Amino acid sequence: MKKTAFNTVSQKTLAFSLAFTLAACPLASAGHVLAAPAAASADSVVAAQTHDQARVAYGIDARLDEKNMRIQGSETVTYRNTSKDTLRKIVFHTFADANRSKATQTSMFEQNNEEIQKENPQKKPEDFLGGIYIRSAAADGQSLVFSNSNQALTVELKQELKPGEAMTVEIGFEVKIPFGMQRLSYYKDIINGAHWFPVMSVYDENKHEWDNKPYSKTFETDYYDSSDFEVRINVPEDYQVLMPGTITTQADPKEPGRKVVTAVADNTREHVFFASPNYKVESVTRDGLTIEYYYFDNMPDKKKLVDEYIDTAFKAIQFFSEKYGKYPYPEFRIAESYVEGVAVEFARVIQMGQIRPNSDPAHDTTFVHEIAHQWFHALIGNDSEKESFLDEGFADFSMVYFAEKQGDELNGFKSIQIDDWSYLDKPIASNNTEAGGEANPVFYKKGRQAIYQLYRMVGEDKFDAFMKEYFKRYAHKNATISGLLHTIQDTLGEEARKEMDKALHDPQFALKPEYRLSEAEEAAYWREQFKTSYRSSLSQIPNLPAETMSRIMDKALQGEPLTIVMSDQAGSKAKKQQQTILTQLEGTLGIMGIPYEVISDRQTLKKKLEKELGTSNIIAIGSAKINGLIQALKPGIMQKSKAIGFDWKSRMNQTASSGAYVVKHPYNQNRLLLHFFWNGDALSDNAVEPFAEQMLKALNFSTDFYQYYVLNKTGQVATDKKIANPIAKFFGEE
């Protein structure tokens with residue numbers, strides 16, 4: 001899983017961005033039959049190469065009631081006791097019950113659902129809730145005692161299950177699908193189907209207990225054994241259904257207008273589905289692997305972008321197969337959905353947000369991160385409640401490793417070398433509760449740095465050999481940090497193991513200085529990163545007006561000159577305020593590596609007005625009445641202000657008014673003039689700080705795009721004209 005504000009913007013850029021603004025029916029058949037996978041399916045042929053006898057096998061029959069958004073289902077689960085303990089009960093996760101209340105639903109979709117609620121005022125709070133209802137549990141035709149509480153279904157066995165023995169349990173259930181955005185939800189024309197049926201939990205023979213934790217409120221709780229699935233879902237005939245495995249479809253002979261979609265998926269970590277009547281499917285097969293993209297045909301030339309994403313997926317899967325171990329399945333599928341700010345991994349399937357006109361498939365790091373999860377989550381499993389580093393840290397490192405080898409300097413190893421999370425006193429080996437709301441820096445960013453440090457310490461060849469051995473030991477199994485360290489010791493030696501152990505458990509872990517970027521390399525990196533960020537952000541909106549405050553930063557990053565002109569006849573108080581505001585602005589320009597010139601006297605202004613300032617973008621600061629540049633260009637500014645609907649003369653005559661506006665340079669249509677102004681001698685004392693904050697916010701790439709704004713006496717926005725930036729809400733959420 002990766003939470004992302006903007007696919008082409010790194011999390012460190014996000015951190016700077018935030019600092020910048022201050023300094024996502026009828027019941028199914030009663031029969032319960034464990035269906036054997038089709039013997040000759042491509043899935044079973046490939047999986048058999050590495051497949052031991054499965055500990056768990058599912059046969060699931062379900063019917064989607066699309067009118068009432070419910071699923072009626074029955075499942076036959078065969079469980080083999082591979083522990084040394086004799087079992088008297090078995091436990092299933094019922095994570096769909098996380099939707100029974102807002103208090104237990106995951107927090108990462110809260111902001112999305114708040115927006116959806118505004119768009120759908122007719123929906124009641126209970127419409128955003130759901131749950132799973134267990135109707136029955138039986139074995140050999142006899143009912144079993146069961147209880148479903150706190151997202152755990154416990155089934156009491158009539159006969160104890162000894163080591164090595166297997167038993168089959170039949171469970172009947174019904175699911176209410178919540179409206180909105182959750183892992184299990186429906187919204188607009190799509191159903192997200194994760195966690196919709198009871199799933200066997202993992203038994204810990206060392207602790208002699210079942211894993212019965214509820215799903216994490218703040219992060220993820222995905223911990224399963226690889227299993228065999230045959231899943232049959234009855235849906236309307238116009239629905240496209242995406243699932244992992246070999247998919248076949250048959251018309252329902254009893255219900256015209258409906259069909260049964262069957263997926264056979266052997267040796268698979270988990271099983272999900274996505275369904276929509278409006279999905280289009282693009283399918284490409286290369287060298288025995290088929291990649292399918294299920295998408296909405298809702299914009300011109302979208303198929304071209306889909307094809308580019310598929311091409312990137314082939315490249316990433318080939319890269320990880322060569323570096324770690326071969327992707328063992330015959331297919332990989334991508335589901336486009338309306339989820340925003342979050343992309344989610346599942347076994348053999350990933351869920352992405354909407355493709356946008358400016359999407360860049362070749363550099364979409366989130367997309368590659370989710371593909372990397374096929375190795376670190378789907379193939380090499382782990383308890384993501386206790387040791388999330390094992391999937392998120394390795395997926396994030398793998399994302400960067402791929403970018404580095406593709407020649408993508410911004411998203412390659414430099415993005416690891418520049419980060420400094422040493423101030424965060426939480427060890428990488430933290431569990432989800434200990435990480436709290438800082439899963440991203442702890443598991444992803446510090447985690448990938450620890451892996452990169454190991455990579456640098458031993459060299460690429462030895463690192464790749466270690467990863468191949470790690471994959472060999474734990475593919476289709478569940479790894480632990482202890483197991484990882486043992487693998488490092490066996491392949492790379494005791495010293496490497498000690499270094500990794502220290503890195504994972506030291507709360508103040510920091511990348512060693514010799515592996516970091518130099519000061520000059522950091523400056524160059526950040527300039528390029530901000531350059532890319534501004535260009536990508538501004539391109540989100542087709543035909544965005546030239547008169548946009550953020551554009552002046554973009555133009556400066558692209559190499560156009562920038563001049564700051566101060567009001568030179570200000571009183572002592574106003575001069576002090578101007579200097580405070582200038583210092584804030586210079587700090588931001590310095591971070592971004594933007595060169596600029598400051599003019600603060602009338603003589604220099606007169607000398608440069610016609611020539612140099614005619615070719616420069618300009619930021620003017622201070623009262624219009626005493627700023628020589630504004631006075632000199634006043635007629636042109638008044639005329640240009642009409643293009644953005646800003647009544648310049650009226651606004652400049654308002655007592656104690658302040659704010660900003662941007663116009664095309666009166667001397668040069670290809671340059672901009674941005675004026676941060678106040679009327680009167682000076683700002684009130686309590687307005688200086690909010691004035692500076694709003695200035696930096698207006699120049700940012702991750703906020704709405706301002707053309708003008710006017711502040712009240714306390715420095716708060718009283719009126720403005722801006723264009724909504726689609727990514728602004730994601731940065732605000734962080």
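Me: How many residues apart in helix 12 are Arg-497 and Asp-501, and about how much of a helical turn separates them?

Reply: Start with the general idea: an α-helix has 3.6 residues a turn, so residues three or four places apart point the same way. Here, Arg-497 and Asp-501 sit 4 residues apart in helix 12 (residues 494–505), so about one helical turn separates them. Helices (H or I, at least four residues) and strands (E, at least two) are DSSP runs, numbered from the N terminus. Before we go on, this is a predicted model, in which local features need pLDDT of at least 70 and side-chain atom pairs count only at pLDDT 80 or more, while totals for chains, interfaces and linings use all residues. Residues are numbered from 1 along each chain as its sequence is written, and side-chain values use heavy atoms, with hydrogens and water left out.

Me: What do Arg-497 and Asp-501 form, and how far apart are the closest N and O atoms?

Reply: Side chains of opposite charge can pair when their charged atoms come close. Arg-497 and Asp-501 make a salt bridge with their closest N and O atoms 3.6 Å apart; the cut-off is a side-chain nitrogen of Lys or Arg within 4 Å of a carboxyl oxygen of Asp or Glu. As for exposure, buried means under 20% relative accessible area, exposed over 50%, and partly exposed in between (1.4 Å probe, protein chains only). Arg-497, at 18% relative accessibility, is buried, whereas Asp-501 has 23% and is partly exposed.

Me: How many salt bridges does the structure hold?

Reply: There are 45. Take Glu-292 and Arg-333, whose side chains meet at 2.7 Å, N to O. Lys-722 and Asp-720 give another salt bridge, at 3.9 Å, N to O. Lys-722 is partly exposed at 39% relative accessibility, and Asp-720 is partly exposed at 28%.

Me: Which residues are linked in a network of salt bridges?

Reply: That network links Arg-63, Glu-66, Lys-67, Glu-255 and Arg-258.

Me: Back to helices. Which residues of helix 15 are buried?

Reply: The buried set is Ala-574, Gln-577, Gln-578, Ile-581, Leu-582, Leu-585, Thr-588, Leu-589 and Met-592. Look down the axis of helix 15 and these buried residues fall within an arc of 135 degrees, so they line one face; the arc is taken from the directions from the helix axis to the C-beta atoms. Turned away from that buried side are the exposed residues Ser-572, Lys-576 and Gly-590. One of the buried residues, Ile-581, has a relative accessible area of 0%. Its C-alpha is 9.7 Å from that of Phe-676, 95 residues away along the chain.

Me: How many residues does helix 15 have, and how far does it reach?

Reply: Helix 15 (residues 572–592) has 21 residues and reaches 30 Å from first C-alpha to last, close to the expected 30 Å. The expected span is 1.5 Å times one less than the number of residues. Gly-593 follows, with a positive phi near 70 degrees.

Me: How many residues of helix 14 are buried?

Reply: Of its 9 residues (549–557), 8 are buried, so helix 14 is largely enclosed by the rest of the structure. Among them are Met-549, Ile-552, Asp-554 and Lys-555. Just after helix 14, Gly-559 has a positive phi of about 110 degrees.

Me: What is the phi of Asp-287, which is not a glycine?

Reply: Most residues other than glycine have a negative phi. Asp-287 has a positive phi of about 50 degrees. Asp-287 lies in the loop between strand 20 (279–286) and strand 21, and is exposed at 85% relative accessibility. Ala-656 also has a positive phi, near 60 degrees. Ala-656 is in the loop between helix 19 (648–652) and strand 30 (658–665), partly exposed at 39%.
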